[in-house]
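Subject: Handing over a structure

Hello,

Here is the structure I said I would pass on. Please open it first, then read my notes below.

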Amino acid sequence: MTQSKVIVITGSIATGKSAVTEILRRHGFKVIDADEIAHEVLEKEFIAEKIRENFGDEFLLNGKVNRPALSDYVFKNKEKLEILNKIMHREIFKEINAKIQESEDKVLFVDMPLYFELKDKMLEYSFKADEVWLVYVKKDTQIKRLMNRDSISKEMAIKKINSQISVETKKVMSDIVVENDGSIAELEEKLEKLIKMYGQG
C-alpha cells in the first residue's frame with residue numbers, strides 16, 4: 001500500500017481553518033480532524049479515570065468528562081494544562097497515526113490547530129508531516145473575527161490569541177501560506193489553484 005502524502009492544515013485561533021477544511025472536503029480530499037479525535041479520546045473510560053485521578057470528581061458528569069468545565073479550568077492554569085496534555089496527546093496521536101496508516105488516499109490532510117505548539121513532540125508521538133499549510137490572517141482581522149465568533153471583549157480576544165505562538169512566527173515556519181483575509185470565494189479560488197498540484201483525494 002502506498003503511503004499517503006500527509007499535509008497538516010494549521011493556523012491560529014479564528015484564522016479560518018474550518019473554512020479551508022470544508023473546501024478541501026468538497027473537492028474530495030479526506031481531512032483528519034485532530035479536535036474531533038480529542039473529543040472522541042475524552043469519551044474513553046480510561047481517559048475519564050485519569051482525569052478523575054488528576055483533577056478530581058468535579059470534572060466528571062455522570063461518569064463522562066465535563067469538557068466545558070475542564071477546558072475553562074486548564075485555560076486559567078498552565079500547570080494543569082500540561083498535565084491534561086500529557087494525558088491526552090499520546091492517545092490523540094495514536095489515533096491520528098492509525099487513520100494515516102489505514103488510508104489509501106494519495107493525499108491526506110490533518111487539521112491540527114496546535115501543530116507548531118507541539119512541533120518538538122512530533123518525534124515522540126511518531127508523527128511526520130510532509131508539508132504544513134498555514135491558514136493566515138493579519139492580527140487585527142483575527143481579533144475582530146474572534147470577538148464576533150465568541151462574543152467576547154477585545155481584551156479577552158487578545159489574551160486568547162497571545163496564548164498561542166503568533167501567526168507571524170508560524171508563517172515563517174510553514175511550507176504554504178493560505179491568506180484568508182478576504183471572502184470565502186477568494187479563499188476557494190486560492191485553494192483551487194493549490195490543489196490542482198495534488199489531484200483529487
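Start with Asn 180. Asn 180 has a relative accessible area of 5%. The cut-off for buried is under 20%, so Asn 180 counts as buried. Keep in mind that this is a predicted model.

Where does Asn 180 lie? Its place is the loop between strand E7 (176-179) and H9. Leaving aside neighbours within four places in sequence, Asn 180 is in contact with Thr 15, Gly 16, Val 135, Tyr 136, Val 137, Arg 145 and Leu 187.

Leu 187 leads on to a helix pair. Leu 187 is one of the H9 residues that meet H1. Helix H1 covers residues 17-26 and helix H9 covers residues 184-195. Their axes come within 10 Å and cross at roughly 55°. That angle makes H1 oblique to H9. The crossing is right-handed. On the H1 side, the contact uses Ala 19, Val 20, Ile 23, Leu 24 and Arg 26. On the H9 side, Ile 184, Leu 187, Glu 188, Leu 191 and Ile 195 take part. By class, the contact of H1 with H9 has eight nonpolar residues, two charged and no polar.

H2 and H5 pack with their axes 9 Å apart, at an angle of about 120°. H2 is therefore oblique to H5. The crossing of H2 and H5 is right-handed. H2 brings Ala 34, Ile 37, Ala 38, Val 41 and Leu 42 to the contact. H5 brings Met 88, Glu 91, Ile 92, Glu 95, Ile 96 and Lys 99. The contact of H2 with H5 divides into eight nonpolar, three charged and no polar residues.

Now the cores. In soluble globular proteins, nonpolar side chains tend to be buried together. The largest nonpolar core here has 35 residues. Which of them touch the most other members? They are Ile 51, Ile 96, Val 110, Met 112, Tyr 115 and Phe 127.

Take Ile 96, for example. Leaving aside its neighbours within four places in sequence, Ile 96 is in contact with Ile 32, Ala 34, Ile 37, Val 110, Met 112 and Phe 127. Another core, of 19 residues, lies apart from the largest one. Its members include Ala 19, Phe 109, Ile 176 and Val 178.

Last, two backbone points. Ala 14 has a phi near 65°, a positive value in a residue other than glycine. Ala 14 lies in the loop between E1 and H1. Ser 151 is not a glycine either, yet has a positive phi of about 50°. The place of Ser 151 is the loop between helix H6 (139-150) and helix H7 (154-162).

Which of the two is buried, and which is exposed? Ala 14 is buried, with a relative accessible area of 10%. Ser 151 counts as exposed, at 67% relative accessibility.

Best wishes

How values were computed:
Residues are numbered from 1 along each chain as its sequence is written. This is a predicted model: local features need pLDDT of at least 70, side-chain atom pairs count only at pLDDT 80 or more; totals for chains, interfaces and linings use all residues. Side-chain values use heavy atoms; hydrogens and water are left out. Axes are lines fitted to C-alpha atoms, for helices over the stretch in contact, and angles run from 0 to 180 degrees between N-to-C directions. Helices (H or I, at least four residues) and strands (E, at least two) are DSSP runs, numbered from the N terminus. Angles under 35 degrees count as roughly parallel, over 145 as roughly antiparallel, 65 to 115 as roughly perpendicular and the rest as oblique. A crossing is left-handed if the near helix is turned anticlockwise from the far one by less than a right angle, and right-handed if clockwise. Contact means heavy atoms within 4.5 Å. Ala, Val, Leu, Ile, Met, Phe, Trp, Tyr, Cys and Pro count as nonpolar, Asp, Glu, Lys and Arg as charged, and the others, Gly among them, as polar. A nonpolar core is a set of buried Ala, Val, Leu, Ile, Met, Phe, Trp, Tyr and Cys residues joined through side-chain atoms within 4.5 Å. Buried means under 20% relative accessible area, exposed over 50%, partly exposed in between (1.4 Å probe, protein chains only).
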